[in-house]
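Please open the structure in your viewer and keep the selection tool at hand. This tour goes from one selection to the next.

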Amino acid sequence: MTKPASSPAAEDERLIHVRRIHRRDLNRVWEFLKKVFRDVNRETVEYQRPRSKKRFLEVYEEEGVEQLLFEVREGSGQEIAGYAECAFEITGTDNWMNERYFAKHDMRPLFVEELAVHPDYQGRGVGAFMLEQLEHLARIRGCTHLVLEVAENNIGALKFYRKRSFYRLDAAIFMAKKVAVDSELLPPRALKRPRPQDAPGAPAKPKRAARRSSKARGAERRATSAPPPPAAALDAEPGTPAEPGEEGEQG
């Protein structure tokens, strides 16, 4: 038996409910956030949202953070239509906001960390209801402003917030300049032509005569560099000593 299609009247009677997130919702909300921010993350230089599942799970344990779930209920089922995360003080070690700025301007902000609407529910009043809920929460907690961050190239979001009286604070704009750099790797280089003797089919180069050993070369140098013997030693017969005074006598 097929389920009857919802009539326009039944569709109009569908309600959106808001509640605080529960631990059992974490995995489902994480998958929802990845889907909502997938296209935004492709186009922005900002940190990717949500930052990581580890950080998302840590937020649930932090004090002073509100995580609100907006659901459309039909029968026994619920579908996530939106998620809002806000804090009553600056959170995180890498946050860009300067707390002294708000004190100087007598502002007590409610910081909106995340505001995500399911693509199928955009343009149906979900976002407006979420902002109304956050503003109500800020008012009963004594906050004077809602403060949030939005990418400058997110035209749709900027239009949505400006329509609801949000204005720009003194915030940074990402800027870049192209720098001329050399590649770390050298460009291709032509190979040298092979030498004739190395070319295939070239006649073998004649081998040099075998070199004498260093021992033989040393003996030859010693023989040629020895001093000549004395003349008297050359005239005497071998083994006969020269007589004293013979060299000085005259015949």
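The stops below follow charged side chains in this predicted model.

**Stop 1: Glu71.** Select strand 2, residues 65-74, and pick out Glu71 within this strand. Is Glu71 buried or exposed? Its relative accessibility is 1%, so Glu71 counts as buried. Now show the side chains of Arg19 and Arg28. The Glu71 side chain makes a polar contact with that of Arg19 at 3.1 Å, and another with that of Arg28 at 2.9 Å. Beyond its neighbours within four places in sequence, Glu71 is in contact with residues including Leu15, Ile16, His17 and Ala81.

**Stop 2: Arg28 and Asp25.** Asp25 counts as buried because its relative accessibility is 3%, whereas Arg28, at 34%, counts as partly exposed.

**Stop 3: the network.** Which residues are linked with Glu71 in a network of salt bridges? Select Arg19, Asp25, Arg28 and Arg73 to see them.

**Stop 4: Arg55.** Move to helix 3, residues 53-61, and select Arg55 and Glu58. They are three residues apart in the helix, so about one helical turn separates them. A salt bridge joins them, the closest N and O atoms being 3.6 Å apart. Arg55 is partly exposed at 25%, as are Glu58 at 33% and Glu62 at 29%.

**Last view.** Zoom out to the whole structure, where a search finds 12 salt bridges.

Methods:
Residues are numbered from 1 along each chain as its sequence is written. This is a predicted model: local features need pLDDT of at least 70, side-chain atom pairs count only at pLDDT 80 or more; totals for chains, interfaces and linings use all residues. Side-chain values use heavy atoms; hydrogens and water are left out. Helices (H or I, at least four residues) and strands (E, at least two) are DSSP runs, numbered from the N terminus. Buried means under 20% relative accessible area, exposed over 50%, partly exposed in between (1.4 Å probe, protein chains only). A polar contact is a pair of N or O atoms within 3.5 Å; within protein, one must be able to donate a hydrogen and the other to accept it, and residues adjacent in sequence count only if both atoms are side-chain atoms. Contact means heavy atoms within 4.5 Å. A salt bridge is a side-chain nitrogen of Lys or Arg within 4 Å of a carboxyl oxygen of Asp or Glu.
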